[in-house]
Amino acid sequence: MSEFGVNEYPRTRPGSQPDYACEAYRSSIRRAPAQPLVRLPQTLSELTGPVYGHNPLGPSDHDLTVHFAAPPQGERIIVAGRVLDEDGRGVPNALVEVWQANAAGRYRHTRDNHPAPLDPNFLGAGRTITDSAGNYRFVTIKPGAYPWRNHHNAWRPAHIHFSLFGSAFVTRLVTQMYFPNDPLMPLDPVLQSIPDEEARERLVSRFDLSLTEPEWALGYRFDIVLRGRRATPFEDDPR
């Protein structure tokens, strides 16, 4: 309980979340706090509202491959899983958003000047709402690796960005999902900014034959734990 008489969200275990300042991850140095953080109690408004606002979801918002007349280039995949609380219970009605590069490793964004081809049939963003058991599902294209100029010959592993909204706007959490056996992961300062190896592994999806659809798409499972000792590492976690 906090001093305001409401329950606090459980704090995460030290080392299981990214460091604010990671020397190898250069841009984190400039945006990391210079002084020790002051832990503020969570108030009733933070725990109960206001809720996130969004436009009504369309029937195909979860499918990133059907936004245009022609299908996008690349390997079609299914990414699915559950959003869970610290006790392993599914979190219903959570807004899950994703964004990613295309199969060539290029984002559909004006600031991305990587000389890889843009795919005119791939928007690179989608969203869905978890069901009563916390399940979500996306259909998309496996993203490519891309250079990012953090250091000499720096390449980011293939990844998908996830954003989750709970019952209150302050509960927005952002993370990244990686793919198994990617040789770039041990070289990536973003992933390696998480001190705990076991926590880093929680950002790696796993191939799932039960999600795979014959002659159509491979399936990857990525469960997201919001709080507790087994919490998924998140960006800018308010420790």
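A: Glu-198 forms a salt bridge with Arg-230, with their closest N and O atoms 2.3 Å apart; a salt bridge here is a side-chain nitrogen of Lys or Arg within 4 Å of a carboxyl oxygen of Asp or Glu. Glu-198 lies in helix α4 (residues 197-201) and Arg-230 in the segment after β11 (224-225), so this pair ties together parts that are 32 residues apart in sequence; helices (H or I, at least four residues) and strands (E, at least two) are DSSP runs, numbered from the N terminus. The model is predicted, so local features need pLDDT of at least 70 and side-chain atom pairs count only at pLDDT 80 or more, while totals for chains, interfaces and linings use all residues. Residues are numbered from 1 along each chain as its sequence is written, and side-chain values use heavy atoms, with hydrogens and water left out.

Glu-198 counts as partly exposed at 44% relative accessibility, and Arg-230 is partly exposed at 45%, where buried means under 20% relative accessible area, exposed over 50%, and partly exposed in between (1.4 Å probe, protein chains only).

Asp-208 forms a salt bridge with Arg-221, the closest N and O atoms being 2.8 Å apart. Asp-208 sits in the loop between β9 (206-207) and β10 (218-221), and Arg-221 in strand β10, 13 residues apart; both Asp-208 and Arg-221 are buried.

Asp-61 forms a salt bridge with Arg-127, at 3.1 Å between the closest N and O atoms. Asp-61 is in the loop between α2 (44-48) and β1, whereas Arg-127 is in strand β3, 66 residues apart.
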